[in-house]
Amino acid sequence: MTKADFINYLSHPEDLNGSSIKDLEKLVQEYPYFQLGRMLYLKNLHNENSIAYEKHLHVTSAYAPSGKVLYNLIKKKSQAPNSKPQ
């Protein structure tokens, strides 16, 4: 995974797909205390409806700085490009 890939995933977590799971899993294994990496990995598992999601949810919630941030990331829906915030 390149730095540009990680920044893209961070900016657009809805773009996470089956091919990004292995990259994020490797990142989490290499840097187990990297909170953003864990959170993106969990989001990727959620996007792919993985059976490993529940297991990793508990681990990631222990590492997350805030449960609210983790919840918002997981439940985030992509906004339509033409919609404006009210």
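Leu10, with a relative accessibility of 38%, counts as partly exposed (between the limits of under 20% relative accessible area for buried and over 50% for exposed, with a 1.4 Å probe and protein chains only). In this predicted model, local features need pLDDT of at least 70 and side-chain atom pairs count only at pLDDT 80 or more, while totals for chains, interfaces and linings use all residues. Residues are numbered from 1 along each chain as its sequence is written, and side-chain values use heavy atoms, with hydrogens and water left out.

Leu10 is placed in helix H1 (residues 3-11); helices (H or I, at least four residues) and strands (E, at least two) are DSSP runs numbered from the N terminus. Together with Tyr31, Phe34 and Leu36, Leu10 makes a nonpolar surface patch of about 350 Å². Patches consist of residues with over 30% relative accessible area and no salt bridge, like charges being joined within 9 Å and nonpolar side chains (Val, Leu, Ile, Met, Phe, Trp, Tyr) within 5 Å. A salt bridge is a side-chain nitrogen of Lys or Arg within 4 Å of a carboxyl oxygen of Asp or Glu.

The chain contains five helices and zero strands, in the order α-α-α-α-α from the N terminus. Of its 86 residues, 29% are buried. The accessible surface of the chain is about 6200 Å², and carbon and sulfur atoms account for 53% of it (Shrake-Rupley method, 1.4 Å probe; for residues, only the protein chains shown count as cover). Of the contacts (heavy atoms within 4.5 Å) between residues at least 6 apart in sequence, 54% join residues at least 24 apart.

Ile21, in helix H2 (residues 18-30), has a relative accessibility of 18% and therefore counts as buried. Apart from neighbours within four places in sequence, Ile21 contacts Tyr41, Asn44, Leu45 and Glu48. The C-alpha atoms of Ile21 and Leu40 are 9.3 Å apart, with a sequence separation of 19 residues.

In helix H5 (residues 67-75), the buried residues are Leu70, Leu73 and Ile74. Viewed down the axis of H5, these residues fall within an arc of 95° and so line one face of the helix; the arc is that of the directions from the helix axis to the C-beta atoms. An α-helix has 3.6 residues a turn, so residues three or four places apart point the same way. Helix H3 (35-47) and helix H4 (53-63) are included in what covers the buried residues of H5. Lys68 and Tyr71 are exposed on the other side of H5. At the start of H5, a side-chain oxygen of Ser66 comes within 3.2 Å of the backbone nitrogen of Lys68.

Terms used:
Polar contact = N/O pair within 3.5 Å; in protein donor to acceptor, adjacent residues only side chain to side chain.
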